[in-house]
Amino acid sequence: MLGATGIGKRFGGVTALSAVDIALRPGEVHAIVGENGAGKSTLVKILSGVLRPDRGAVEVDGEPVTFGSPRDAAARGVAIVSQELSLFGDLTVAENLFPLRGPRRAGLLSAGRAEALSRPALTELGLPVAMHARVGDLALADQQLLEIGRALVQNPRVLILDEPTSALPREAADRLKAVLRRLVKRGIAVLYISHFLEEVLLVADRVTVLRDGQTVVDGVVAGSVRLDDLVTAMLGETVVAQPIQRPDSLPDGRPTVVFDRVTVPDRLREVSFTVGAEQIVGVAGLQGAGHLAVLELLAGRTRPASGSVRIGGAPGPHSLRAAVRAGIAVVSSDRKRYGLMLDKPVWQNMSSVSWLGLGRGGAWLRRRALLADATRHAARLRIRCAPKDLVGNLSGGNQQKVVFAKWLDAKPDVVVLDDPTRGVDVGARAEMHRVIADLATDGRTVLIASTDLVELAELCDRVLVFQRGRLVDDMPRNRLSEQNLSLAMNAGFAVTQK
């Protein structure tokens, strides 16, 4: 159906792809895995018409094609859902579902007809949003589902999904997997890119592994490969996961973050807890449970209607700028909106908080020193880039690590992390976990939200579980597991130790 042979692509002196082949078949899910920078995103952009290869050929139904744009690819039945959302926040759901051509009445987009055409796909995804709703007001998980819905409305023959579950809670991810099973039964070919390797082995029929722009495993049957085999193929060596070493007992650090009967309308109801220095504390809950409001309060994006938030003995920040000046680092999962200047080089992004935001670099630009700092951060976090590379040209995972690096450069006292390893490969994920643990060991306070419950169980000293705006469990390390967290989030009560 859709295939590519001998694909090569260079960016300046960097080879992104070298003689890569892939063939998608009707009625199956073909997964591509690899480290950040392995060439996955470049291959996807070529197959969807965003980029043209320097050499090699793309074929549809055995005939060579040249895609000059994503519109050309769409005309041949190829739809893509990119890792980076391409929605228009100021427009409605209907306008985003039909951005170019849609059902019209008297020259205007007909919301009623848009509803009739798109509702089956949105219902299948479990997304009951109104056609007139403003997309910018939707939660990030709903926006990602809407992006997938927009692709399904096109009735594609080939559906390319780049990290489709990276911002989705477990229930939404499970719904998407069920949708994929129905799509392949209708003969649609699905190209699936994900860093969640366990998920890949459950979803995919075949798996291709890329490393350093080359194919190292070519379309192997998913049922015949083990997770360890994929990791070894991706990294080129056997990787033994090193558990995060944390104290057996909770560090008795000074109280740094204090919530006292905090209420935020429709978000939190009389929530109280304390977090000390040297602690890594998770916040967890189903979509809309209120746990993300905790991070927004610490980041200064939300203010309590009643109760108080105190950080280091001072009142909580009233804005993101105030939070930064108070020594609070905020790593957002929405890196395009809150995290990066995509048209600027890596070194400017990494220094944007410490130099531009806090003025620690003085009045004059110290370019050589900032380039050296960027090189050091890139090496520590295994970011595949040069300091002068534009951030917009990096893979999604490397972009996320640049966000992380800019906050490390600011040397914060409190670190607020919202899905910090979203879109990051297995090796870099372990490295970032070690960096987070080091931050706590050095005396900092870390609060983290993650859609990956295993990550919370592995990394945290305790996890605060929320349901319907209330704190229902303060789960200590000896009770932390994916199963216990899921039960507390869904049942709404503390899980007792067996």
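The model is predicted, with local features needing pLDDT of at least 70 and side-chain atom pairs counting only at pLDDT 80 or more, while totals for chains, interfaces and linings use all residues. Residues are numbered from 1 along each chain as its sequence is written, and side-chain values use heavy atoms, with hydrogens and water left out.

The axes of H15 (residues 396-409) and H16 (residues 426-441) come within 12 Å and cross at roughly 15°. Axes here are lines fitted to C-alpha atoms, for helices over the stretch in contact, and angles run from 0 to 180 degrees between N-to-C directions. Helices (H or I, at least four residues) and strands (E, at least two) are DSSP runs, numbered from the N terminus. The crossing of H15 and H16 is left-handed, that is, the near helix is turned anticlockwise from the far one by less than a right angle. To this contact (heavy atoms within 4.5 Å), H15 contributes Lys401, Phe404 and Leu408, and H16 contributes Ala428, Met432, Val435, Ile436 and Leu439. These residues divide into 7 nonpolar, no polar and 1 charged; Ala, Val, Leu, Ile, Met, Phe, Trp, Tyr, Cys and Pro count as nonpolar, Asp, Glu, Lys and Arg as charged, and the others, Gly among them, as polar.

Strand E21 (residues 462-467) runs antiparallel to E22 and is joined to it by 6 bridges, and Gln467 has Arg470 in E22 as its bridge partner.

Another open sheet has 4 strands in the order E2-E1-E4-E5, paired antiparallel. Its edges are strand E2 (14-24) and strand E5 (63-65); each has a single partner strand, so one side of each is left without a neighbour in the sheet. The twist averages 30° from one strand to the next. Strand E4 (residues 55-60) and E5 run antiparallel and are joined by 3 bridges, with Val60 opposite Glu63 in E5. Helix H1 (residues 40-47) packs on this sheet, touching strand E1 (2-11), E2 and E4, and its direction makes about 60° with that of E2.

How values were computed:
Two strands pair if DSSP finds at least two bridges between them.
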